[in-house]
Amino acid sequence: MSSSVALSGCFENCMLASSAVFRRQLFLIRSLGGNCCRVHMDRMQEAEGAGAATLEADAEGIIRKITPVMDPRRYKGQAGKLAVIGGCREYTGAPYFAAISALKIGADLSHVFCTKDAATVIKSYSPELIVHPVLEESYGVRDDEKASVFGKVVGEVKKWMERFDCLVVGPGLGRDTFLLDCVTGIIRHAREANIPIVIDGDGLFLVANNLDLVKGYSLAALTPNINEYKLLVKKVLDCEVNDQEASEQLKLLARGIGDVTIFRKGKLDLISDGETVNKVSISGSPRRCGGQGDILSGSVAVFSSWSRQHLSSTKEATEKSLSNPMVLGCIAASALIRKSAALAFASKKRATLTTDIIECLGRSLEDICPTE
């Protein structure tokens, strides 16, 4: 028996342990050449494709299942208490979009923890938000004060921590080194309190440079844009983004970081916790105005907290991935934002802004899950 046939026969009886092993095996087969090898290579590629199957999520069914009923016996806070960690001198719109979206979907209370410079501006956008001007940037803190100020900032957020059902970390955060140090401390306390965390915007820059912040934390969801996704792939997998094997690469990325859920945005949204990959392909809008990612992060936070409540109160059997509140939250948020964006675009066309999409959130949710 030739070495090429023996090698191929061995492969035929083996399970592929990882994408890296798979690529090395294909390389060996190509190197050995021959028609027999080519047949086995084709079989291996088919097996790899089957292993990376992407499931179309029943997004609207999930929304109907996890959205709490409007019950007059419920009290303030039971439909969700969320906090956004972000907002600095340069960026005040992003934390507002994330926080107000949560309220428009149906959360009861929405907080924003931001710098003093951003607080008045964010408060002026809406009286509905509870704004805490507690974050500090380097320019306002002397070197000999940093340790005490760090403790004060983290302490101010920590005393509120256990009231929250979910944190959104990153919208409008900026990249000031001292501010990021403070947010690092906040994330660690959130993990200790077992509070779900949605990481977006500059929070992803922080996490990409300190993966241990979320590594192994199943209640973390990352919502990167295309450039943030490239950074994560480079940091974790040490390669470039592969659109041809998008599902498999996303699954490997989630596994590589460890137990987190990752929401890969695109023409089709892909969501993975490292176990399965779910797809949401509901039609959205071709308009790509800034701020839609901030709406998404706030929406993921609301739906994840609702999913967690639902899962804790039901005994029905579900697939493993659909028992993960972060996966459910991402699927639901993807569908709602897509429907809201499509509704806004139908009216405003090229003039569509993020504020127009926010105003369509309630109607879109009502279309999927009527209040009565």
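These legends go with a set of close-up views of a predicted model.

**View 1. The whole chain, for orientation.** Of its 372 residues, 51% are buried. Take the contacts with a separation of 6 or more, and 68% of them join residues 24 or more positions apart.

**View 2. Phe-303 and its neighbours.** Leaving out residues up to four places away in sequence, Phe-303 touches Ile-63, Ile-66, Thr-67 and Ile-105, along with Gly-329, Ala-332, Ala-333, Leu-336 and Leu-365.

**View 3. His-310 across from Thr-67.** Thr-67, one of the residues touched by Phe-303, turns up again in this view. His-310 sits in helix α12, which covers residues 292–313. Is His-310 buried or exposed? It's buried, because its relative accessible area is 17% and the cut-off for buried is under 20%. In sequence, His-310 and Thr-67 are 243 residues apart, yet their C-alpha atoms are 8.3 Å apart in space.

**View 4. Strand β8 between two partners.** Strand β8 runs over residues 261–264. Thr-261 and Phe-263 point one way from the strand, while Ile-262 and Arg-264 point the other way. With strand β7 (residues 220–222), β8 pairs in the parallel sense over 2 bridges, and Leu-222 has Ile-262 as its bridge partner. With strand β9 (residues 269–272), the pairing is antiparallel, over 3 bridges. Arg-264 has Leu-270 as its bridge partner in β9. A hairpin of 4 residues joins β8 to β9.

**View 5. Ser-126 in its loop.** Look for Ser-126 in the loop between α6 (116–125) and β4 (130–135). Ser-126 counts as buried because its relative accessibility is 6%. A polar atom of the Ser-126 side chain lies 3.0 Å from the backbone nitrogen of Glu-128. Setting aside residues up to four places away in sequence, Ser-126 touches Tyr-96 and Ile-100.

View 6. How many disulfides does a search of the whole structure find? The search comes back with 0. Take Cys-114: the nearest cysteine sulfur belongs to Cys-88 and is 9.5 Å away. A disulfide needs the two sulfurs within 2.5 Å, so Cys-114 is in no disulfide. Cys-114 is buried, at 0% relative accessibility, whereas Cys-239 is partly exposed, with a relative accessible area of 29%.

Terms used: Residues numbered from 1 in each chain as written. Predicted model: local features only at pLDDT ≥ 70, side-chain atom pairs only at ≥ 80, totals over all residues. Heavy atoms only, no water. Buried < 20%, exposed > 50% of the residue type's maximum accessible area, 1.4 Å probe, protein only. Contact = heavy atoms within 4.5 Å. Polar contact = N/O pair within 3.5 Å; in protein donor to acceptor, adjacent residues only side chain to side chain. Pairing = 2+ DSSP bridges.
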